Structure formats: structure tokens, C-alpha cells
Amino acid sequence: MPTSRSSALHLAFDPLFYEHRSRGHHPERPERLEAARRGLARCEAAGLTAALLPPRDATPAELARAHHPAYLAELDRLDGHFAALDADTYLAPRSMAAARRAAGGAIALAEALVAAGEGSPRQGLALLRPPGHHATRDQGMGFCLLNNIALAAHAALAAGLSRVAIVDWDVHHGNGTQDIFWTDDRVLFVSLHESPLYPGTGAVQEAGEGRGLGRTINVPLPASATDPVYRLAFEEVVLPALRRYRPELVLVSAGFDAHARDPLASMQVTEPGYAWMARALREAADEMAGGRLGLVLEGGYDLPAIEASVEASLHGALGWPVAEVTGEVGDRHREAVAVARHAAEAAWAEGAAARD
Ligand SMILES: [Zn+2]
């Protein structure tokens, strides 16, 4: 199926997201979002129309779909104060206001994509912070307070979908998203991440349990993985999993910390790699999900890399021309991809038998 070129997308954004700011230096800082906005602006200059979704907060009932009441009560107690959930994860007085608005933005994006009718955008972007994919059901960590993308997936299910895929290309394992959908077969979660690296989870054996067995797929990759390594992982693991699962909506935990310039990790992804991955997911979305594709910002800590990678990812997601990705893949990375593929296929088969 030829991928058509989109000229509009839904945008979730609110200036409130700049008000989550630590007292000292912290890599997860408001300037990241300004860089992401500049990447979007470059696409707007090239003809893209970004339709801003009406900002809204996630409701307590929506938050309770993904988070434990005791954890939400703890966040309410810390609201309005400087606090820390762990050594990495800060709250400032306006952080919970930003977090509720960010979660609401991700939810609004999912609802807009589900409802998209004739002539309305089928793709979207949530430029938000604090990020979300490390937040588990009952614990914030790794700079994350509320799990924005898990709440978006839950909103899509509540709006009537049966199968949502989340592809997490942030360089860190999306342990929170994995935790929230561990036993849930309505969400396929696929994470590509550097290993070993924070938070230390995301081995290939972690594949979900019960009805969720086979619906969690982990692709841990050794450091220094390049664009061709990510392409191979997509061709061998991610895209076949999507074809088996046939999602009705594809969401992306779009962190940009696998970029070669990123200070917190050691991967070697560049702009053409992000464009290629986004383009591949757009083609998959066109093939099986009515074109519905939503990118939700996660990590990424080098400002020029964020700006250029957001632009490149949007080119791919919109079906605009992107560069081909070619090059050698070394034995270490080839082996890691093969191991992940075999584990994913075995767990898928085992899970299918268990669900029958
Ligand atoms: Zn990350």
C-alpha cells in the first residue's frame, strides 16, 4: 500500500509543561521541550499544519486506569511542594499540574486519533513533560511521574478499540509501561533499549504473563547500535510483531536519547534512523490501523539532537520523503536481534495457546 503524504497532525502541547523545573541542574529540563518545538516548527515551515488539541487535565478516573490509588494519593500529598520520589525524580510546586495536563494531552491525542473521521488528521504528536514511560502502576521513577502513553492507550481502549500497540524507541527500557500492561492482551508493548543501562529491566525473557503472555516484547541491544541495527531490529522483530497483532492504533514512546549526541546513553542513532523508524511505523499504521499513529515525547537530553530528531521523525510519520538507511550490522548486534526475535516468537506462540 503506498503511503500517502499528510499535511496536518494533531498536537498536544501546553505552556504549563515548562513549569516542571528542578531547583538545581537536571537533564530533564524545560529547554528540551523548546528544542522539540523548534523541530516541529521546521516542519510547519515546510507545509505542516499542527492542529492544537484543547488542553485538558487527566481526570482522577482516567489516572486510576493505570495507577494505584495509593500512589495517586501520594502524588496529591506532594502537589504544590518541592519533593523527590527518588534520587532522579523531582517534583516542583507546579509539577503535578504539568503532569496532569501532560497525561490529559496524551489522552486527548489518543481520543482524537480514535475518533478521526474523513478528512481529519490520522497522525499526532504529544510534546509534553514530565515524561512517563518509567512510571509503573504504583511508583514514579526515572524522571517520570504519570505514565502518559499508558494512559493514552487506556483511553483508546475505553473509546472502543481492542488492540493498541506501543513501540518504545527511547534508549531506556519502558519498565513502567511494561508493568502496567504485563497481563493485558489488549496492548502490545515493544521496547528497544540499550542494555545494560538504567533501569536494568527489559530482558528478552520478560514477555508478559497470563493473557498478556507474548504481548510484551523486549529488544535489548548492546551499546553503540547504529541506524542499520535499529532497522534490522524493526525488520526482524518490531514489524513482524505488529503484523501478528494487527493493532488498531500505533503509539510511540518517542524518546531521542538513543541519538549519537545524547549524554545519558551510548547508542549511535542519527536523524535518518529516526525518520526511517517513524516511516516504517507509518506504513504499518496505514496497513492495519487506518493510518492512526501517535508520537509521545519521552526522553532525549541533547537539545540539537532533540530538535533535529523530532523533525526527522515527523517527516517519517507524515509520509514525507526520508533517506534510506543502509550499512553493516556487526555480529554482536545481529546476535542480539536474533535472540530477541526467537524469544518474541516463542512467547507469542505460548501465549496464543494459553489464550485459546
Ligand atoms: Zn530515556
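A cavity is a set of points, on a 1 Å grid over the protein atoms alone, where a 1.4 Å probe fits but cannot get out, and lining residues have an atom within 4 Å of a point. A volume is the space filled by probe spheres set on the points, which are joined across faces, edges and corners.

The model is predicted: local features need pLDDT of at least 70, side-chain atom pairs count only at pLDDT 80 or more, and totals for chains, interfaces and linings use all residues. Residues are numbered from 1 along each chain as its sequence is written, and side-chain values use heavy atoms, without hydrogens and water.

**Exercise 1.** Describe the second largest cavity by its volume and its lining.

*Solution.*
Step 1. The volume of the second largest cavity is about 40 Å³.
Step 2. Its lining includes Val204, Thr216, Asn218 and Ala340.
Step 3. α10 (331-355) and β8 (216-221) each give two or more residues to this lining; helices (H or I, at least four residues) and strands (E, at least two) are DSSP runs, numbered from the N terminus.
Step 4. The largest share, 4 residues, comes from α10.

**Exercise 2.** State the volume of the largest cavity and the element that gives the most to its lining.

*Solution.*
Step 1. The largest cavity has about 70 Å³ of volume.
Step 2. Among its 13 lining residues, Ala12, Phe13, Leu53, Pro55 and Gly105 are the closest to its centre.
Step 3. β1 (8-12) and α4 (95-115) each supply two or more lining residues.
Step 4. With 4 residues, α4 gives the most.

Methods: On a 1 Å grid over the protein atoms alone, a cavity is a set of points where a 1.4 Å probe fits but cannot get out, and a pocket is an open set with protein on both sides within 12 Å along at least five of seven lines; lining residues have an atom within 4 Å of a point.
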